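Here are my notes on the model, as numbered points.

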Amino acid sequence: MKTNSELQKDVQDAIKWEPLLHSAEIGVTAKDGVVSLTGVVDSFAKKAGAEKAAIKIKGVKALVENIEVNFPNSWTKSDADVANEVLAALKSNDTVPDEKVSVKVEDGWVTLGGELNWNYERDAAKKAINFLPGIKAITNNIKIKSKVHDEIEKKDIENALRRSVIEDNDIRVSVFGNTVTLEGTVNSLYAKEEAGHIAWKAPGIWEVKNKLTVDYEYAF
């Protein structure tokens, strides 16, 4: 069990442990498993890195992320410049079928759209642009429409969860058509997201409904 102050310190230490975030000024508050991040950083990569570090901490039920990306004047780019760099990054990534991905940029906010066959391709599209300068935020609206017509095997997903580091005893898997639903409880937000990533690897999947609840007992 953790107190609010212990959870706060764990998240602060996790963020400080990240080399990219060493000099970043990020404030952390914690209340009954809800962790809030605030501050100003000079790149989207730092913003995303702080979020990633925080959700891996046991006891984090939800994350409220209010980190602002503020570029030095010398780093400022036009939306057209950002869009061209995003398109080039997607094109240079062999994992991403870039011709199927649409790109919209508004005031440094990049929105990816389109349809791909696999979730790993969607993840790769976002990762390909995470470190590009000039980006303030990324919204990944790419949809998955798998061309694989094999029936999704519930047992395969359950076995994959069991092989992972997730404590999956309370995870229930159900399959309906091209949709997989995860229900039950896990002890961290990271475990919930990781379970979703594992389920997404099943051939033929179009949607994962991640209804897992983060359950952690706090000390008072």
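**Pockets and cores**

1. In the lining of the largest pocket, 16 residues are nonpolar, 15 are charged and 7 are polar. The model is a predicted one.

2. This largest pocket holds about 1600 Å³ of space. Its lining comprises 38 residues, and Asp 123, Lys 126, Lys 127, Glu 193 and His 197 are the closest to the centre.

3. Which elements each supply at least two residues of that lining? They are helix 2 (44-55), helix 4 (119-129), helix 6 (189-199), strand 7 (143-144) and strand 10 (207-210). Helix 2 gives the largest share, with 9 residues.

4. The second largest pocket has a volume of about 160 Å³. It is lined by 12 residues, with Val 165, Ile 166, Asn 187, Ser 188 and Ala 191 nearest its centre. Helix 6 makes the largest contribution to this lining, 3 residues. The classes here are 6 nonpolar, 4 charged and 2 polar.

5. Nonpolar side chains in soluble globular proteins tend to be buried together. In this model the largest nonpolar core counts 40 residues. Val 86, Leu 112, Ile 129, Ile 135, Ile 171 and Leu 182 have the most contacts inside that core.

6. What does Ile 129 touch, leaving aside residues up to four places away in sequence? Its contacts are Val 86, Ala 89, Leu 90, Val 110, Leu 112, Ile 135 and Ile 138.

Conventions:
Residues numbered from 1 in each chain as written. Predicted model: local features only at pLDDT ≥ 70, side-chain atom pairs only at ≥ 80, totals over all residues. Heavy atoms only, no water. 1 Å grid on protein atoms, 1.4 Å probe; cavity = no way out; pocket = protein on both sides within 12 Å on 5 of 7 lines; lining within 4 Å. Points joined across faces, edges and corners; volume = space filled by probe spheres on them. Helix = DSSP H or I, 4+ residues; strand = E, 2+ residues; numbered from the N terminus. Nonpolar A, V, L, I, M, F, W, Y, C, P; charged D, E, K, R; others polar. Core = buried A, V, L, I, M, F, W, Y, C linked by side-chain atoms within 4.5 Å. Buried < 20%, exposed > 50% of the residue type's maximum accessible area, 1.4 Å probe, protein only. Contact = heavy atoms within 4.5 Å.
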